[in-house]
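Please walk through the model below, beginning with the ligand site and ending with the chain as a whole.

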Amino acid sequence: MLARTDYLTKVYSLGHSLDVYERHVQGYQAARKVLLTMTREQVVEEAKKANIRGRGGAGFPMGIKWSFMRPHPTKPAYLVINADEGEPGTHKDRTLMELNPHSIVEGCIIGCYAIGANVAYIYVRDELHLSKERLWGAIREARAKGYLGKTPFGKNFPVEVYVHTGAGAYICGEETSLLNSLEGRRGEPRLKPPFPAQAGAFGCPTTVNNLETIATVPAAFMLGCENYSKLSALHHIGDGGVRLYGINGHVKKPCVVELACGPTINELIYDIGGGILGDKPLLCVIPGGSSTPLLRADEVVNAPDEKSPMHAWHGKNVMDVPLGVDTMRNVGTMLGTCCVTVMAEGTDPVLAMLNLMQFYHHESCGQCTPCREGSAWLDRTVQKLYDGNGTIEDIDLLADIANNIMGNTICAFGEGTAMPALGFLKKFKREFEEYATGARTKAQARLTVD
Amino acid sequence: MAFALSPERERELQDILTRYPTRMAATIPLLHLCQDQNGWVSEEIVQYVAHKLDVPPAHVQGVVTFYTLFNQKPVGKHQVWVCRTLPCALRGAYGVIAQCEKKLGIHVGATTKDGKVTLRTAECLASCGTAPMMQVDKEYHENLTPERIDAILTKLQES
Ligand SMILES: Cc1cc2nc3c(=O)[nH]c(=O)nc-3n(C[C@H](O)[C@H](O)[C@H](O)COP(=O)(O)O)c2cc1C
Ligand code: SF4
Ligand code: FES
């Protein structure tokens with residue numbers, strides 16, 4: 001059931017100043033309470049109850065991630081906020097930075113305290129100039145009030161928040177690449193282990209949280225973390241709270257909205273997005289950023305086994321399954337960033353795949369041969385089919401290349417390229433074959449629907 | 001004449017240096033400051049940044065070549081970036097690119113003869129909900145229509 005909430009978005013229409021944040025949504029009350037009345041351990045235990053699954057794509061529980069941070073005898077700890085927002089189809093974090101920057105600053109204060117860090121860096125992609133300006137503005141306002149600095153709210157626990165900028169590289173959204181970039185290096189992902197909690201920024205224990213993950217923390221502590229979790233339709237499976245959902249592509253009203261976790265894709269398309277352009281039928285969706293494999297409009301859930309976690313939806317269309325970290329994994333894709341890209345019937349799936357393979361080819365950092373060569377080869381081979389020069393064997397070759405990237409790379413960019421490629425090949429086999437045999441040509445190929 | 005930051009940017013650099021435990025961490029922010037002033041990152045700037053931050057010039061050069069936003073050669077007075085990635089393409093980005101090429105009389109990647117505009121494509125700029133879109137210098141233009149594109153480009157040509 002669709003439940004609109006406005007914990008994060010209430011101030012979107014009221015203004016981004018500290019004054020509005022304090023007057024209308026009890027801003028900084030949660031941070032004050034946490035710093036003045038709770039121990040660090042209590043904060044982490046409480047945070048676990050919120051069941052905040054990381055909003056950056058992988059869905060790791062935030063409270064558990066915080067609990068990995070152990071005080072180090074000599075090294076400081078860092079909180080690093082991921083605001084690289086580069087995943088194609090993702091447009092939610094930007095709205096928070098522009099319209100509710102204080103929720104981020106307040107979240108950073110609570111996060112720093114919880115993990116024992118005195119400094120938080122917010123890594124923002126360079127292109128988002130307005131976002132950076134609003135964040136710096138919020139930081140200045142919070143510092144002037146004494147909420148940041150040596151003694152926030154009078155507590156002897158210094159907190160500073162800084163904005164750091166990237167310089168145009170999708171891969172810097174990957175957390176270890178982001179850390180290298182923060183240190184002033186090329187944004188190449190690191191081998192794990194060590195994980196950031198052991199050796200992250202500047203070789204010190206570090207937590208990397210997505211920007212929305214940290215922005216939702218004040219609301220969770222205001223409500224009480226268990227109450228916050230219970231807002232979600234998926235609270236019972238550990239996927240709690242509220243999230244920003246985006247809808248883009250072929251819908252009448254693309255937008256970002258805040259909802260209790262667990263709406264269905266059909267609800268997002270028809271109740272939030274106003275339906276499909278020209279009232280066309282749905283072809284497929286990319287559920288949460290281009291690295292999440294697509295779902296076709298005619299897919300149904302097959303879970304006859306009563307013990308299956310998906311049994312409740314057995315026989316139902318995938319577009320009617322609540323969007324959750326585990327539910328999406330169980331239907332063969334990923335929740336990702338909760339921004340859904342909609343494609344109406346008439347969209348050419350081969351051209352859509354070509355567009356995305358060009359993206360991955362352009363963005364591979366080049367460290368691993370399977371990813372560097374594979375992403376280029378995928379791009380070239382789809383282009384060849386699209387140009388009418390391909391054969392049936394090229395379709396098998398594409399699957400082969402993708403399969404050889406999977407599991408053979410330093411970072412998850414490899415899977416993020418291969419999985420959606422395999423999804424297109426499997427779910428639009430007929431269209432690929434039509435290109436190979438000449439039954440379909442690029443002369444008719446469209447990505448827009450009029 | 002050797003490259004040097006303007007006094008205002010020099011002050012900003014001093015502020016930046018207070019934020020990190022290492023000088024190297026200022027590499028990207030300092031390169032941005034230099035490029036803002038000079039339009040592109042010349043060899044001289046690479047040397048300057050290396051010297052300022054006590055890092056090898058090869059390190060700075062490695063950073064410059066990794067990130068798409070650092071210009072390794074001179075560019076036009078204005079930068080036009082049209083997002084070409086799928087969500088924008090579903091709402092007409094390819095048409096936007098074609099219109100820009102026609103109006104400016106150049107292909108993607110080139111600069112107009114008068115040196116005013118460099119046209120490039122960008123990968124997803126986090127505006128998929130307001131597509132199609134383009135970035136002009138530091139500003140986003142969203143929900144583009146042919147009329148708005150025409151007006152934006154005319155303004156740049158007349159600048
Ligand atoms: C190729 C790649 C790109 C990524 N891009 C982003 C991004 O733009 N923003 C983000 O928050 N996380 C991104 N991630 C996920 C991060 O690595 C990391 O999991 C996340 O920032 C952790 O925050 P969370 O647990 O709060 O979600 C990306 C991961 C990969 C592999
Ligand atoms: S998988 Fe690709 S992006 Fe990730 S480290 Fe390897 S080459 Fe770089
Ligand atoms: S695809 Fe263009 S802004 Fe996301």
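**The ligand site and the chain around it**

By class, five nonpolar, eight polar and six charged residues make up the shell around ligand 1. Here Ala, Val, Leu, Ile, Met, Phe, Trp, Tyr, Cys and Pro count as nonpolar, Asp, Glu, Lys and Arg as charged, and the others, Gly among them, as polar. This is a predicted model, in which local features need pLDDT of at least 70 and side-chain atom pairs pLDDT 80 or more, while totals for chains, interfaces and linings use all residues. Residues are numbered from 1 along each chain as its sequence is written, chains are lettered from A and ligands numbered from 1 in the order written, and side-chain values use heavy atoms, without hydrogens and water.

Ligand 1 is surrounded by 19 residues, a residue being near if one of its heavy atoms lies within 4 Å. Strand β4 (residues 206-210) of chain A gives the most to this shell, three residues; strands (E, at least two residues) and helices (H or I, at least four) are DSSP runs, numbered from the N terminus.

Oxygen atoms of ligand 1 lie 2.7 Å from a backbone N or O atom of Gly56(A) and 3.2 Å from one of Glu85(A). In the side chain of Asn210(A), an N or O atom is 2.7 Å from a ligand 1 oxygen. The protein covers 89% of the 620 Å² of accessible area that ligand 1 has on its own (Shrake-Rupley method, 1.4 Å probe).

Chain A as a whole has 18 helices and nine strands. Its C-alpha atoms fill a box of roughly 75 × 45 × 45 Å along the principal axes.

How values were computed:
A polar contact is a pair of N or O atoms within 3.5 Å; within protein, one must be able to donate a hydrogen and the other to accept it, and residues adjacent in sequence count only if both atoms are side-chain atoms.
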